[in-house]
Every structure is written in C-alpha cells, then in structure tokens.
Amino acid sequence: MSADVSTAPVAPPLSRGRRWRAAWRRPETRWAYLFLLPWILGFLIFTAGPMLASLVLSFTDYDVINPASYVGGENYQRMVEDPQVRTALFNTLLYTVIHVPLSIAIALALAVLLNQIGGRFAGFFRTVFYMPAMTPTVAVGVLFLLLLNGQNGLVNAALGLFGVDGPAWTTDPAWVRWGIIIMSLWTIGGTIVILFAALKNVPMDLYEAARIDGAGAWRQFREVTVPMISGSLFFVTIVNTIASLQMFTEVYTMFYGNAQSQLQASDSALFYVIYLFRQGFQFLEMGYASALAWGLFVIVLIVTLVQVKLGDRFVYYEGDDR
Amino acid sequence: MTMVQVEPTRPAGGDQRRRPPSGTSPARRVIRTGFIVTAVALVAATFTYPFLWLVSASLKPRYQVFDNLLIPREVQPQNYTSLLDAVPFLTWFGNSLIVGIMAALTVTLSSALVAFGFAYFRFPGRNVLFLLVLGTMMLPAAVTLIPTFLIWQELGLSQTQVPLWAQNVFASAFYVFLMRQFFLSLPRDTFEAARVDGCGYFGLFWRIAMPLCKPALIVVFIFEFRASWTDLIRPLIYLQDEALFTIPRGLKAILDAFGQGGEQQWEIVAAASVLATVPLIILFFCAQRYFVEGIATQGRKG
C-alpha cells in the first residue's frame with residue numbers, strides 16, 4: 001500500500017499519544033469511523049452486549065416471565081452433571097470428528113478428478129456436485145428422512161442391490177448417527193468448489209519437476225498437491241469444524257419439533273445446539289441455556305485455537321521457506 | 001493477497017497447464033480420461049438422483065411414494081394443488097421473498113460501506129478493529145441467540161419478521177472481509193484522481209468503488225438471500241403466527257402436520273420440498289458464475 005503514504009502527513013516523530021491525537025484531528029479518520037459505524041454499532045449491540053448478557057444470565061435462573069434471580073454457579077454445575085449434555089456433546093463431537101475428515105477427503109478426491117478432466121466437462125460436473133448445497137437445509141432433512149427410511153428408503157434399496165440388508169437409519173438409535181453422516185456427505189459441494197479452485201492454481205511446472213525427479217502419481221499428490229493447497233485445506237477444515245459443532249437444522253427437522261418421534265427419547269440424535277435451543281426456547285430455561293451457550297463458545301474457541309496452532313505447522317504459505 | 005475477479009472464463013493458456021504426462025501415448029491418455037470421466041459421472045449421478053427421486057415422489061399417489069421408481073406409475077399432479085389448498089404456501093413464499101430481499105439488500109449495502117472504510121482509509125485502530133471483525137466470524141451464532149431474542153422482545157418486535165433481517169443493517173463480518181478484498185484490488189490511482197477532481201469520501205465510495213464492484217455486490221446479495229431462504233432457527237424462535245412463516249418454517253410445519261406427525265402424506269411433504277427448493281435452483285442457474293467464484297474466493301483468503 002505504498003500509495004497511502006501520500007495521504008499521511010509528513011511529520012517529525014511524535015510520541016504515541018500525540019500521534020494518536022493528531023490522527024484524530026484529521027478529517028480522514030473521522031470519515032473512516034463514519035464508514036465503520038454500522039459494524040461498530042452492530043458489534044456493540046448484537047455481539048459484545050449479548051455475549052456479556054448471556055454470561056450474566058448464565059449465573060441466573062430466568063424464564064422470561066419472572067425476573068431473573070442469581071443462582072451462582074448452579075447452571076454450570078448442572079451442565080457438568082446433566083447426562084443429556086454428555087450425550088449431546090458426544091453426538092456432536094462424534095459427528096464432527098467423522099464428518100469433517102470424511103467430507104474433506106471425498107471432496108478432495110472429487111476435486112482432483114475434476115482437475116484431471118479439466119475444461120467444459122469439469123465445469124459441468126462441478127455444477128452438478130454443487131447443486132445439493134443449494135437445497136434449503138430443511139428440505140435436505142425432509143429428503144433424507146425419506147431416503148433413509150428403513151423399510152423402503154432409497155439408500156437401503158441401493159444397499160439391497162449389493163445384497164446388504166440396510167438398517168433402520170431413522171428409527172434405530174444405534175444407526176441414526178451414521179444416517180446423519182450419510183446425509184451430511186450430500187452437501188459437500190462448497191468444499192469441492194473451494195478445493196477445485198485451489199488445485200487449478202497449482203503451477204504445472206511443479207509437477208513437471210517432480211516427474212523429472214522420478215516421483216510417481218501418489219508422491220506428486222503428497223508432496224506437490226497437498227502442500228500447495230494446504231491453505232485451502234486448512235480453511236475448509238476450520239470452517240467445516242465450526243459448522244459441524246453447531247449442527248442444528250437438518251437434524252432438528254428430522255427428529256424434533258411438534259411431532260414427537262420415538263427417537264427423542266433415546267437422545268441418539270441430540271446435538272448440542274438442539275439441546276441448547278430446546279432448553280432456552282421450549283422449556284424457557286434461559287439461564288441454563290446461556291450457560292450451555294458459553295460452554296459451546298469455549299469449546300469452539302479451544303478447537304479453533306488448537307487447529308490454528310496445528311495448521312501453522314502444516315500449512316505452506318508461498319514465500320515461506322520452512 | 002488475492003485479487004478477486006468474477007470471471008466466467010478461465011485465463012487464456014490455462015489449457016496449457018493441463019497437458020497430461022508427456023510419457024504416455026495418446027491412446028492410453030484417452031482411455032485414462034474416459035475412465036475418470038465415467039467414474040465422476042457415476043458419482044454425479046448419485047448426487048443428482050435424490051433430486052429426481054424427490055420430484056418423482058411429489059407426483060406419485062400416496063401409496064407409491066416409496067416404490068423408488070423414477071418414473072411414477074401414475075402421475076398425480078394434484079398433490080401440488082392439495083398442498084396449496086391445505087396450507088398458505090404462497091403466503092410463505094412471499095414472506096421468504098420479502099425477508100430474503102430485505103436481508104440481502106441491507107447486508108450488501110452496510111457491509112460494502114464498512115468494507116470500504118477498512119480498505120480505503122488509514123486510521124488509528126484499524127488493525128485492531130479488523131482483527132475483531134475476523135474474530136466475530138468464528139463466534140457461534142448460538143452464543144448470542146438468547147440475549148438477541150430478549151432485545152427484540154424488549155422492543156416489542158419478537159413476534160414479527162423484523163428480527164429475521166434487521167441485524168443485517170449492521171453489516172456482517174464475513175461479507176465485510178469479502179468486499180474488503182474486492183475494494184483493495186481496485187487501483188488506488190482511480191480514487192486519488194477523483195479526489196483531485198473534488199470528489200468527497202462518500203462520493204468515492206458510492207460513485208466510484210460501488211459501480212466497479214458490482215460483481216462482488218451480486219455475490220454478497222445472492223449468498224445472503226440463500227442463507228435467509230434456508231434459515232430455520234430464527235423463524236422457529238420468532239414466528240408463531242402461521243401467516244408470518246417463511247418457507248423453511250412452513251416446510252417444517254408441513255412435515256410435522258402431514259409427515260411423521262400426521263397421516264404419512266409424504267407426497268404432500270415431497271411436493272412442498274420441491275416448491276421450497278426450486279427458487280434456489282433457479283437462482284443458482286441464473287447466477288452460477290457468481291456462486292462458484294464467490295465460494296472459490298472464500299478458500300483463497302489471507
């Protein structure tokens with residue numbers, strides 16, 4: 001941004017405080033903050049404020065109708081002892097741990113194949129792969145409730161072709177989680193598009209060089225492709241993980257709501273945000289739900305920080321000699 | 001840093017890079033490509049089949065929904081008319097359209113404004129604030145769900161559609177990030193020239209930056225419209241009156257009333273799912289290059 005120098009007044013070195021005050025006198029600074037005003041207001045009203053409020057609420061008993069009463073750390077203690085929290089956490093983490101690597105592996109495989117094809121064909125297939133991601137999430141839930149039907153669903157009909165007697169994906173507590181994973185693989189189009197775009201940017205001469213050095217297809221993939229697209233891989237890992245930890249719509253559509261499906265009793269489709277939502281808005285346990293919300297915040301924060309730390313080691317940035 | 005360009009065509013000479021290994025003979029190359037195309041086509045068919053299945057199911061009589069035949073034995077388009085007779089689907093459609101347009105319009109304008117502020121100006125606190133913007137992208141929406149509800153309730157708007165879009169007036173971190181990239185890719189000389197000609201800061205934004213970033217604006221608009229069209233959790237929280245339902249909220253109600261909670265009228269549920277999906281598919285085909293480029297850009301951040 002060398003052009004910016006022209007807008008900054010040339011001045012002798014000043015102390016930090018004086019420079020700050022001088023900057024504030026410039027009309028440009030005031031204009032900048034005017035442009036930023038929507039976001040600053042929004043941050044205060046709808047992010048920072050609510051976060052503080054939910055922290056405060058998490059130490060109270062609040063049901064919207066009666067005034068909140070302070071209960072100390074009771075909600076957090078309840079959270080630790082609540083078996084349903086444990087189930088919800090288990091389901092959510094299991095889903096995340098399986099869905100994220102599996103979906104990225106499949107998306108990467110398809111993206112590599114698309115890249116091999118190239119040209120118009122690849123563009124056409126990319127469109128086809130992306131289309132499911134355009135389906136409204138509730139419709140995805142409805143669709144897979146039908147497709148995963150244990151007696152007559154399409155998935156089991158397909159398995160039947162291979163002589164496999166498919167389980168009752170939507171009613172058998174032992175199989176529900178795997179049914180949800182199958183569903184989640186249908187909407188990986190966004191990941192495919194991102195990885196395909198990254199693959200197209202890998203310079204061909206790197207492969208040429210690797211080939212001259214005698215590297216086979218697999219070694220080229222491992223030592224050229226993966227490092228060169230590691231930035232994008234890292235990005236989809238982080239984004240998919242955060243989204244998976246917050247899984248709500250599809251599963252809520254399928255198994256919760258007014259229609260009491262028998263699965264609700266078994267809790268095998270209970271995800272963390274579903275539990276939070278039900279506590280807060282169906283049972284009006286707003287204090288407890290706020291504690292759950294902060295629990296989620298801490299979990300997401302820790303998981304993301306760990307991933308960023310690990311990512312630093314694996315991600316190759318251009319111009320970086322490591 | 002990446003230049004963001006919404007361009008349908010690949011750069012010239014792109015095919016050059018795509019030449020397969022020089023050691024293989026043309027015949028083997030054709031066979032290899034043919035094999036890959038076949039494999040990908042099979043997977044693509046698997047991805048497409050559920051759509052076709054759904055459309056087909058929505059046209060079948062009730063007791064044939066699960067026969068898994070792609071061509072219905074009897075075509076029963078009345079499923080759609082029975083659906084429209086049973087629920088105010090067209091009203092929900094209109095509601096989703098209004099909410100979606102409001103959400104997309106407000107977020108596009110406000111995010112562009114903020115993004116321009118970050119991209120053009122140098123000012124104290126800029127880096128800290130931008131880090132804060134990035135930080136809020138990681139924040140799970142569920143954390144602020146309850147206090148946000150309490151705010152709208154306090155304002156007396158908790159039973160209206162306003163909470164579904166009004167927050168977008170205050171910009172959204174992800175789009176600010178995206179648009180900032182676009183603005184940064186504009187040559188700075190353009191702005192300096194306009195400044196010399198006496199253009200004010202707002203003029204720079206509105207008359208110069210915005211017209212140049214039309215593709216980016218379209219990307220943000222359609223992304224947010226899609227997000228709004230599929231949002232379920234907020235309509236669940238804020239909408240109790242059936243007349244105010246959006247499409248996802250309505251579809252969930254249909255599932256509960258006609259599907260597993262009701263008389264297993266899955267043909268009606270399927271018809272509703274088709275109607276809920278079609279607008280987004282149309283939108284996708286109209287704005288395909290923006291979608292693809294917009295998504296591809298996400299992965300190229302930083």
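In helix 9 of chain A, the residues G189(A), G190(A), T191(A), I192(A), V193(A), I194(A), L195(A), F196(A), A197(A) and A198(A) are buried, where a residue counts as buried if 20 or more other C-beta atoms lie within 10 Å of its own, as exposed if 12 or fewer do, and as partly exposed in between, with C-beta atoms placed from the backbone. Because 10 of the 12 residues of helix 9 of chain A are buried, this helix is largely enclosed by the rest of the structure. The structure is a predicted model, in which local features need a pLDDT of at least 70 and side-chain atom pairs count only at pLDDT 80 or more, whereas totals for chains, interfaces and linings use all residues. Residues are numbered from 1 along each chain as its sequence is written, and chains are lettered from A and ligands numbered from 1 in the order in which they are written. Helices (H or I, at least four residues) and strands (E, at least two) are DSSP runs, numbered from the N terminus.

Helix 9 of chain A covers residues 189–200 and reaches 16 Å from its first C-alpha to its last, close to the 16 Å expected at 1.5 Å a residue, the expected span being 1.5 Å times one less than the number of residues. Its buried residues pack against helix 4 (83–117), helix 5 (119–130) and helix 12 (230–245) of chain A, together with helix 14 (288–298) of chain B; here two residues are in contact if their C-beta atoms, placed from the backbone, lie within 7 Å. Helix 12 of chain A, with 16 residues, reaches 22 Å from its first C-alpha to its last, close to the 22 Å expected at 1.5 Å a residue. The buried residues of helix 12 of chain A are S232(A), L233(A), F234(A), F235(A), V236(A), N240(A), S244(A) and L245(A), and they pack against helix 4, helix 9 and helix 16 (286–314) of chain A.

An unreviewed UniProt entry lists residues 31–53, 93–115, 127–148, 175–199, 228–248 and 286–306 of chain A under "transmembrane region"; UniProt positions are given in the numbering used here, feature names are shortened, and annotations may be inferred rather than shown by experiment. Over residues 175–199 of chain A the chain is 80% helix and 0% strand, with the end C-alpha atoms 36 Å apart, while over residues 228–248 of chain A it is 81% helix and 0% strand, with the end C-alpha atoms 34 Å apart.

Chain A averages a pLDDT of 88, and 92% of its residues score at least 70, pLDDT being the predictor's confidence in each residue, from 0 to 100. Over residues 1–8 of chain A the pLDDT is below 50, and this stretch has 5 contacts in the model beyond near neighbours in sequence. Where pLDDT is low, the predicted coordinates should not be read in detail.

Between the two chains, 89 residues of chain A are in contact with 77 residues of chain B. Helix 2 (residues 27–57) of chain A gives the most to the side of chain A that touches chain B, with 19 residues. By class, that side has 61 nonpolar, 24 polar and 4 charged residues, where Ala, Val, Leu, Ile, Met, Phe, Trp, Tyr, Cys and Pro count as nonpolar, Asp, Glu, Lys and Arg as charged, and the others, Gly among them, as polar.

Chain B is assigned domain 1 (25–81) and domain 2 (85–298), the bounds coming from an automatic or database domain assignment. The C-alpha centres of domain 1 of chain B and domain 2 of chain B lie 32 Å apart, and 11 residues of domain 1 of chain B are in contact with 9 residues of domain 2 of chain B. On the side of domain 1 of chain B that touches domain 2 of chain B, helix 2 (26–57) and helix 3 (78–86) of chain B each supply at least two residues, and the residues of that side divide into 6 nonpolar, 3 polar and 2 charged.

T108(B), in helix 4 (residues 89–120) of chain B, counts as buried because it has 25 C-beta neighbours inside 10 Å. Residues up to four places away in sequence not being counted, T108(B) touches L217(B), V220(B), F221(B) and E224(B).
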